[in-house]
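Trainee: I've got a protein on my screen and I'm a bit lost. Could you walk me through how to read it?

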Amino acid sequence: MTIREAAAGLRARRFSAVELANTAMARIGRHDASLRAFITVTGDQALEQARQADRELAAGQDRGPLHGIPVGLKDLFGTKGVRTTAGSKVYENFVPERNATVVEKLLDAGAVVMGKLNMHELAYGITSANPHFGVVRNPWNAQHSPGGSSGGSGAAVATQMVFMAMGSDTGGSIRIPASFCGTVGLKPTYGRVSRFGVLPLGFSLDHAGPLTRSVRDAALTLNAIAGHDPRDPGSSRRPVVDFVPDEECSIRGLRIGFPESFFFEHLHEDVESAVRGALARAGSLGAVIKPVRLPDMAALNAIARIVLLSEASAVFECHLENRAQFGPDVLALLDQGRLVPATDYVNAQRLRRKMRREFDQVWKEVDCLIAPATPSPAPRIGDTTIRLGGRDEDVRLATTRLVRGVNALGFPALSLPCGLSDSGLPVGLQIIGPAFEEALLLRIGAALEDGGVGIPPCPM
Amino acid sequence: MDRALQGGRFAIVVLMKNWVAIAQGHGLGLSASELDRIAQPLATLEETFRPLMKQLTPDMEPDFELHLGEAGE
């Protein structure tokens, strides 16, 4: 069931918000011991919020489509009175005194918060094999990674523990778990959704966005959480629009860029065939598929990595005296960041502006790009290398290869499932567009979804 | 950058940093395995990043705040 279907059911009195919350609790109880998707379950609080939603709906006070809908929050969204760990020892006992802006907005929209979701430690990695709160597992195959860093968000949405989970994306951390867990994931434009109250990793790269089971559910969520926030210095004053695509949305005549070089190199064969199939479907729906040449994406990835290494180490340097509180992979990245000279950081930021201007030319040729979200389906838990296109790659670098650069550009990107691999694991594509064109991306995604691009529900 | 003699001709080469020496110079007090774990990825990253410096001209300013689509962006 999607948010839209649940919202319709609530208003038709087919079930209550309390029943929805109880069903969510039952699914958490059934699956979370094996999946480790949650760090904190706030069951009592959720039930009280659900009762309130039922009272309000019965009184005709309708807060909109999220009213009474069970949702989850990656455990770096600050929650008043509820521990917010960022999956780390650093914040193990951090109990915020106020909610993040996104949490405020979701509560104002009537959402029922079921709890705080597990993640890669400090959001600094892609496995969600958390050394402090347990290894998150992929609900399609528990031997495989859910991706990360928003791995608990992906697993919880795929298994219907919640209808929507908030994630954050600094180098692909929404789109990777969406791809591996078979959900939709939206990284909005930088500045579109407030970061206030969200524990930071890379100030100029961090984005907050939803993981959902349908494109329109992602749009409904963006309607609730987007908008200017004076408490976030990176927040945009761009007016928000209605992001939800029409029922009969069309992509006829849209120019969809097909970036064959870079994005279609060194792919798992099942990924390549699924994404090419989705592109063909877009063509059959009337879109114009145009081969497009992009700026140097490998260079952009290097720029983004320099920026992230520097910013993340600046955030956490004050905690590095106690090295034992970090997992080894995160500690290695924080040490690396301490060694990057300030000149490299500044020059990376200069190159970043240059790359963004080079993309202005791309957006004159096409309206968006469609590409794989990840070059492979979910790797097995514990794998450190993966063989793609005849070469061995570090799993972390391979998994972030197709998503990281978009964070440096700040452009919106929508990941959605487009097939299953021969081994039964989800494959995801991403639609990338110009700044503040989320509505366009969501329309394209909805048209593809309506046109049959997708996967069956997770069997768990 | 430096000039080096390659096959009888001069070529522009980019000097790479010695990350192990830099880490030791920072006094991080890392073990040999920890040093290897941070130096090798930085060296690989630098192979891609360092040559990009050639694209920079003095008028190119950094983009620290990433305000998209506003104030002339």
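Mentor: Helices (H or I, at least four residues) and strands (E, at least two) are DSSP runs, numbered from the N terminus. Here, strand S9 (residues 255–258) of chain A is joined to S10(A) by 4 bridges, and the two run parallel. A:Phe258, for example, has A:Pro291 in S10(A) as its bridge partner.

Trainee: Before we go on, what kind of model is this, and how are things numbered?

Mentor: It's a predicted model: local features need pLDDT of at least 70, side-chain atom pairs count only at pLDDT 80 or more, and totals for chains, interfaces and linings use all residues. Residues are numbered from 1 along each chain as its sequence is written, while chains are lettered from A and ligands numbered from 1 in the order in which they are written.

Trainee: How many helices and strands does chain A have?

Mentor: Chain A has 15 helices and 15 strands.

Trainee: And which strands build the open sheet, in what order?

Mentor: In chain A, 11 strands form it, in the order S1-S3-S2-S6-S8-S7-S14-S15-S11-S9-S10, with mixed pairing. At the edges sit strand S1 (38–41) and strand S10 (288–291) of chain A, each pairing on one side only.

Trainee: What about helices lying on the sheet?

Mentor: For that you need contacts: two residues are in contact if their C-beta atoms, placed from the backbone, lie within 7 Å. For directions, axes are lines fitted to C-alpha atoms, for helices over the stretch in contact, and angles run from 0 to 180 degrees between N-to-C directions. Helix H2 (residues 17–35) of chain A lies across S1, strand S2 (70–74) and strand S3 (112–117), at about 20° to S3(A). Helix H7 (residues 215–225) of chain A packs on the sheet too, and its direction makes about 140° with that of S8(A).

Trainee: Where does chain B come in?

Mentor: The contact takes 29 residues from chain A and 28 residues from chain B. On the side of chain A that touches chain B, H12(A) gives the most, with 8 residues.

Trainee: How much of chain A is buried?

Mentor: A residue is buried if 20 or more other C-beta atoms lie within 10 Å of its own, with C-beta atoms placed from the backbone. In chain A, buried residues make up 60% of the 460 residues.

Definitions and conventions: A residue is buried if 20 or more other C-beta atoms lie within 10 Å of its own, exposed if 12 or fewer, and partly exposed in between; C-beta atoms are placed from the backbone. Two strands pair if DSSP finds at least two bridges between them.
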